[in-house]
Amino acid sequence: MNPTNLLAPLLVIGSGLLVSAEPAPIDQRCIVVKAGDCGRHTYRIPALIVTPAATALLFCEGRRDSARDEGRIDLVALRSEDHGRTWSEPVTVIASGDGGSFAGNPMPIIEPSSGRLLLLYTTDNTRAWVTESADDGRSWSPSRSLDGARDALPYPTVRIATGPGHGLAMRSGRLVAPIWLSDRLRADQDRDSTPTRHRAGVLTSDDHGVTWQAGGLVPADIPRLHECLVAEDATGGLVMTIRARGAGYRAVSRSRDGGLTWDAPQLDRNLPCPTCQASLLTLPDGRLAFLNPAVNVRNNGIERQNLTLRLSPDDGRTWPSAWQVEAGQSSYSDLAVTADGHLLCAFEAGSATYHDQIVVARLPLQALH
């Protein structure tokens, strides 16, 4: 591996596919769980966190009977104590039927003053919850309802979901959980469609995760804003990247008051994206890392592919560095930094479908120039 040759020019192809001429500097790639493991049909929706004890935890949905978004779905966790090189089998954290017929959208957050691990999630996409671990993710407290914060949002919420992906602890101590909302159940979401059918926003906590409040919603200037993640910028503001249904690019909004209000969203033409989730993380050197399937039209009949990592030195205003992490089918993802100086990229991938398996790739931070 020659670090001086890792960054290569980008090639824009007429199909709308944006491809890096160089692959990402991956020093290890492993399949951590795949369809059929432990008797479950499919595993989807990865969320990553690294604990103060340097343990990497990967949360995801264990879909028992099918790949569908609704059904018998458990929240499970896989554990790595060697910086993401090897992983345990999935262990159930929230079982299907515990507070709802299915659990989903795991969102881990480390509470920095205590090191406690919080896990936000939803059941049936109608109720939101939080559970805690004080022993590095080995055991979990009884879940507490976040219905009060949900009901305080200025929106006729029928569905709610966190992220998906990790949440944020700001330097101020505020905890921020990005969420999305809908005023219809999934089966009815496309009838009489309106720009506000989906909204993106946040929940916040200023008491170390004991209580949670409704934050702000992103203005609905772009229709149907959906799955989202947030990062803190160099000035203490927040930047949110948002799935915009059918737009072909990521939407971006910013907050200067810790998520209470949000600027009008803008489509970032440097971030092509199908209607799909993407991940966002602030690296130790302050750069933002962004990972998503970089396609905005179908390429050879496939939409979700070409998983691409981008880095921004200016809080997401430009993205001059890019590497291809996965050329083939790929979809939802999350990012975390290990104690041994690697960027972990967890993502869905496969040959038959984009969710045959969940993969973790380790990239040395020193190679990402």
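Which cysteine sulfur is closest to the sulfur of Cys30, and how far away is it?

## Cysteines

The closest cysteine sulfur to that of Cys30 is in Cys345, at 12 Å, which is too far for a bond. A disulfide is taken here as a pair of cysteine sulfur atoms within 2.5 Å, and by this rule the count is zero disulfides. Cys276 is likewise in no disulfide, the nearest cysteine sulfur being that of Cys273, 5.7 Å away.

Cys276 has 0% relative accessibility and so counts as buried. Cys30, at 16%, counts as buried too. The classes are buried for under 20% relative accessible area, exposed for over 50% and partly exposed in between, with a 1.4 Å probe and protein chains only.

## Basis of the model

This is a predicted model, in which local features need pLDDT of at least 70 and side-chain atom pairs count only at pLDDT 80 or more, while totals for chains, interfaces and linings use all residues. Residues are numbered from 1 along each chain as its sequence is written, and side-chain values use heavy atoms, with hydrogens and water left out.

## The four-stranded sheet

Four strands form an open sheet in the order S4-S5-S6-S7, with antiparallel pairing. Strands S4 (42-50) and S7 (91-94) stand at the edges; each has a single partner strand, so one side of each lacks a neighbour in the sheet. Neighbouring strands are turned by 35° against each other on average, direction ignored, with axes fitted to C-alpha atoms and angles running from 0 to 180 degrees between N-to-C directions.

Strands are DSSP runs (E, at least two residues) numbered from the N terminus, and two of them pair if DSSP finds at least two bridges between them. S5 (residues 56-63) and S6 (residues 73-80) pair in the antiparallel sense over eight bridges. Gly62 stands opposite Asp74 in S6.
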